[in-house]
Amino acid sequence: MSQFALFCRHVAFLAQKEMRSLVKDPRMRVQLVVPVLIMGFLFGYAANYNIEDIPYVAIDASHTAASTDFLAHVEGAPAFHCVAAPGNIDAAKDLLDTGEALAILTVPETFERQLAAGETAPVQVIADGRNPALAGMIERYIARIAADWSAAQSGRTPAITLETRTWYNPNQLSRWTFLPSFLAMIAFVQVMMLAGMSIAREREQGTFDQLLVTPLSKTAILIGKAIPPVAVGLFQAMCVFLIARFWFGVPFAGNFATLMLTLFLFMVSTTGVGLSISSISRNMQQVLVYLLVLMIPMVLLSGLVTPVRNMPAALQVATYADPLRFAIDAVRRIYLEGATLGEIAPDFLPMLGVAAVTMPLSGWLFRRRS
Amino acid sequence: MADVIAARSLTKVFPGKKGQPDTCALSGVTLAARAGEMTALIGPDGAGKTTFMRLVCGLMDRTAGELSVCGLDVFRTPQDVQDLLSYMPQKFGLYEDLTVAENLTLYADLHGVPAAVREERFTRLLHMTGLAAFTGRLAGNLSGGMKQKLGLACTLVRSPRLLLLDEPTVGVDPLSRRELWEILTQLVREEHLSVLVSTAYMEEAARCDRVYVLHCGQLLMGGTPEALRTAAAGLCYEVQAPPHLPLRLLQSALLTAPGVLDAVPAGGVVRFLTRRAPEELAPLRALGLQARPAEPRLEDGFMKLLKEAEAEGAAPPAEVETAAQGAAETLPLPPPASAAPALIEVEDLVKKFGAFTAVAHTSFSVHRGEVFGLLGPNGAGKTTTFRMLCGLLPATSGKLRVAGVDLRTARTQARANIGYVAQKFSLYANLTVYENLRFFGGAYGLYGRQLRERIAAVAEEFHLTDRMDEAAERLPGGYKQRLSMAAALIHAPGILFLDEPTSGIDPLARRTFWQEITRLAAGGTTIVITTHFMEEAEYCDRFMIQDHGKMLVLGSPAEIRARLGREGAPMDEVFIAIVEQARREKEGT
């Protein structure tokens with residue numbers, strides 16, 4: 001028991017020391033809070049795939065009642081607004097080139113004639129393919145408007161209609177998916193940095209030897225060193241949570257304790273990776289190189305940008321070593337669908353696995369490296 | 001002869017930061033350095049040596065006074081002055097990832113040395129510095145002495161009129177130091193170079209033509225080394241210590257005795273400076289010892305000047321004197337250390353890094369209460385041996401036991417018995433003195449009331465009480481070392497490991513430091529210490545000298561001198577003799 005008490009005191013003294021040297025530096029204090037706030041707001045506002053405003057150019061070659069009616073119908077759709085109505089394609093091209101318009105809608109001369117003859121009347125849509133996702137959405141959107149219009153024209157009801165509902169994010173607001181993932185993301189970057197620097201900095205400044213000759217055990221040093229990054233990570237995740245919930249009003253469907261537990265597990269596994277890097281590096285510069293090499297693939301494999309499902313099979317296997325993937329998945333599900341502890345438990349396993357490997361590994365590495 | 005540097009009433013004041021008082025680095029210094037001569041600047045830390053050098057280089061502006069180099073006003077035409085001189089700062093900027101040759105080429109490029117003269121110049125410099133065989137080696141892989149020589153070579157890629165060297169031999173062993181000075185002497189002779197050098201080594205100052213003694217920004221004296229030496233004439237004595245009394249105890253007692261200006265162990269005796277009759281001194285009376293007059297050395301003159309300058313500043317408090325007197329009268333006569341049980345046992349210790357043998361088959365033991373020194377040139381393996389003893393490095397083979405256990409594999413409690421002071425300051429720079437002490441106390445298992453008491457005790461012991469809330473990085477050099485000692489001793493360990501604790505500190509501070517060590521040893525703490533200053537071997541009960549990983553000699557200073565047949569010789573000479581003899585033998589076989 002007294003052994004255990006001594007161990008706890010060791011850990012407490014070390015963690016306290018780490019925390020003190022962290023917050024002592026005014027620049028560090030700024031660095032712990034400001035980037036989180038800036039990026040939280042930035043992601044909330046900027047990372048948006050939704051179409052809220054589509055400037056387009058309409059070329060009405062037909063000049064008939066039918067074409068005017070059709071174009072009015074398009075203009076009436078919420079996101080669309082016509083920026084120009086030139087007589088020919090050349091003037092329209094310039095607007096697309098400069099980005100002033102995202103699409104060109106051309107109603108051909110034969111429009112009304114073909115309709116009257118009961119034929120199918122083609123309408124041309126040229127979309128800006130420099131952003132394929134956006135172009136695709138514009139095309140689908142106009143197709144739906146056109147379908148609505150022709151249904152109204154013919155007076156016939158279509159054979160089937162699709163009634164779509166998107167669950168958990170009914171209006172498909174990309175902010176909703178981004179902000180919760182970001183809870184895990186920002187903490188990930190800073191925790192990796194803090195843990196990565198912790199041992200390397202001591203080694204560079206020569207304080208590590210001083211630490212190694214004390215009776216502090218390997219385990220005590222590791223745990224003591226892991227506590228501050230984990231605490232900082234949780235604090236930052238909290239900042240993003242508050243921004244998401246109260247500034248952007250993304251409703252929180254889940255259980256707060258479950259969310260915290262998930263984030264905590266994630267921080268522990270990330271800290272393990274960071275400390276391992278720190279243990280094998282001779283100086284802080286080396287840590288930075290390792291971090292860059294490791295962090296970019298980890299973000300890519302996490303499924304934050306592209307779905308894991310779309311990756312080649314081998315890469316999909318590799319994602320199991322990426323705690324970020326499961327953290328993002330778990331946090332999204334807790335936040336948006338209100339998943340319970342039991343439901344996201346499978347996500348915990350890979351994270352725990354990474355922590356169970358990297359924590360002892362870093363301990364082993366730093367003894368060997370000294 | 002023309003003056004190459006002429007300073008008149010030169011004053012430099014650094015404005016204090018945030019409410020702190022201004023610091024006067026130089027006040028009214030008037031001095032002259034002659035062309036074609038070597039001029040030395042000596043003085044304790046913070047005397048203003050570096051500030052003076054930087055002013056000469058035109059790197060900053062003066063507060064008042066005049067300064068000219070080769071007749072040019074430094075402050076009006078700094079660029080013209082810089083074209084005439086080369087400056088080697090204390091920490092010379094070698095590019096550690098470049099080879100020796102690449103470093104030279106880089107500096108030649110920076111100074112715009114024409115390609116035509118380069119080859120000849122490089123060959124000469126490389127030959128002179130003995131680096132010709134190492135042109136392809138990375139600067140980072142050179143030993144300390146070789147780095148300094150390369151730094152000097154880079155400084156000399158062009159032929160300057162004036163060469164400024166700021167403590168060029170700090171942390172360099174006697175052999176390399178001697179070589180460096182031979183290079184300098186040769187340059188002065190052959191190229192008619194003028195040199196201004198600051199140094200902490202008195203024997204180096206003795207090699208110069210003129211010496212200026214600075215103290216707290218003021219010039220105490222300027223003149224030939226001979227004039228400085230004779231300033232202490234008639235004040236120097238030496239005394240033989242009784243058998244079994246470590247020199248350091250007698251020296252320490254003398255140093256604290258009233259009326260004694262300086263005391264230092266040297267050549268198997270204790271030398272001291274006093275204006276009184278030696279018979280009046282309490283420690284000598286108590287032990288019934290007879291002192292005899294001695295020839296003054298440069299260091300004696302220097303110490304006399306410093307002590308007198310300090311005494312003018314502040315009279316020592318009376319209570320310290322009585323305490324010292326009391327200590328002197330009850331001077332303990334400890335049993336010979338070899339009778340005590342061995343606390344550190346090393347048997348056939350080997351350390352290899354790949355194919356390179358850093359430490360080869362070394363055996364020795366250290367007894368309880370002993371002061372044990374590890375000496376050797378740069379790269380001799382003493383740091384490697386030291387790190388293995390502390391448990392920071394695994395041994396390749398051999399037995400190694402500290403207080404009965406191998407610290408490398410020892411349970412954490414065993415490590416609680418040792419204290420460790422690293423070579424460079426290695427506590428947490430941005431934490432305060434108190435926070436550092438608190439952390440290390442906690443790391444050694446102290447807490448609560450016990451921890452508070454120990455913090456208070458070591459703070460008192462090392463005079464840190466007034467500076468508890470200052471960040472460690474803001475402490476002046478001497479205080480940093482005291483803090484390192486305080487942190488290493490917070491848990492009152494039985495063994496204290498010190499890695500080159502005195503490198504880069506001035507003679508005055510070293511006296512104080514060794515007094516501390518003497519006090520600790522007298523209290524029963526075992527001390528293992530590495531040092532570059534050979535004369536510090538005199539403070540040790542026993543020491544060993546390593547070179548190329550091999551142990552060359554082991555014994556007490558008196559034994560080793562007797563073995564070489566060089567009674568009374570300065571330690572530097574003993575050291576060089578031993579290392580050279582060993583190297584000759586190696587070449588012979």
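Start by selecting Ser269(A) together with Phe266(A): a polar atom of the Ser269(A) side chain lies 2.8 Å from the backbone oxygen of Phe266(A). The model is a predicted one, in which local features need pLDDT of at least 70 and side-chain atom pairs count only at pLDDT 80 or more, while totals for chains, interfaces and linings use all residues. Residues are numbered from 1 along each chain as its sequence is written, chains are lettered from A and ligands numbered from 1 in the order in which they are written, and side-chain values use heavy atoms, with hydrogens and water left out.

**Around Ser269(A)**

Ser269(A) belongs to helix α10 of chain A, residues 256-280, where helices (H or I, at least four residues) and strands (E, at least two) are DSSP runs numbered from the N terminus. Its relative accessibility of 0% makes Ser269(A) buried, a term for values under 20% relative accessible area, with exposed meaning over 50% and partly exposed in between (1.4 Å probe, protein chains only). Now show the residues that Ser269(A) touches beyond four places in sequence, which are Pro323(A), Met351(A), Val354(A), Ala355(A) and Thr358(A); contact here means heavy atoms within 4.5 Å.

**Where chain B meets chain A**

Next, colour the two chains separately and look at the interface, in which 32 residues of chain B are in contact with 27 residues of chain A. The area buried between chain B and chain A is about 2,700 Å², and carbon and sulfur atoms give 55% of that area; buried area is the accessible area (1.4 Å probe) that two parts lose on being put together, summed over both. On the chain B side, the residues that lose the most area to chain A are Arg415(B), Tyr428(B) and Phe439(B), which together account for 21% of what that side buries.

Select Arg415(B), which sits in helix α14 of chain B and is buried, with a relative accessible area of 6%. Among its contacts beyond four places in sequence are Leu212(A), Val213(A), Thr214(A), Pro215(A), Leu216(A) and Arg367(A) from chain A, as well as Tyr444(B) from chain B. If you then select Tyr428(B), you will find that Arg415(B) and Tyr428(B) are 13 residues apart in sequence and 20 Å apart in space, C-alpha to C-alpha.

Helix α14 (412-415), strand β19 (418-421) and helix α15 (433-443) of chain B are the elements that give two or more residues to the side of chain B that touches chain A, and α15(B) gives the most, with 6 residues.

**Salt bridges within chain B**

Over all chains, the structure holds 46 salt bridges. Select Arg275(B) and Glu308(B), which form a salt bridge whose closest N and O atoms are 2.4 Å apart. Arg275(B) lies in the loop between β13 (269-274) and α10 (282-287) of chain B and Glu308(B) in helix α11 (residues 298-313) of chain B, so the pair ties together parts that are 33 residues apart in sequence. Arg275(B) is exposed at 54% relative accessibility, whereas Glu308(B) is partly exposed at 23%.

Move on to Arg583(B) and Asp547(B), another salt-bridged pair, with the closest N and O atoms 2.9 Å apart. Arg583(B) lies in helix α20 (residues 571-588) of chain B and Asp547(B) in strand β22 of chain B, so the pair ties together parts that are 36 residues apart in sequence. Asp547(B) is buried, with a relative accessible area of 5%, while Arg583(B) counts as partly exposed at 30%.

**Two residues with positive phi**

Most residues other than glycine have a negative phi. Select Glu167(B), which is not a glycine and yet has a positive phi of about 45°; Glu167(B) is in the loop between β7 (162-166) and α6 (174-191) of chain B and is buried at 8% relative accessibility. Then select Ala492(B), where phi is also positive, near 45°. Ala492(B) is in the loop between α17 (477-488) and β20 (495-499) of chain B, and at 54% relative accessibility Ala492(B) is exposed.

Technical notes:
Polar contact = N/O pair within 3.5 Å; in protein donor to acceptor, adjacent residues only side chain to side chain. Salt bridge = Lys/Arg side-chain N within 4 Å of Asp/Glu carboxyl O.
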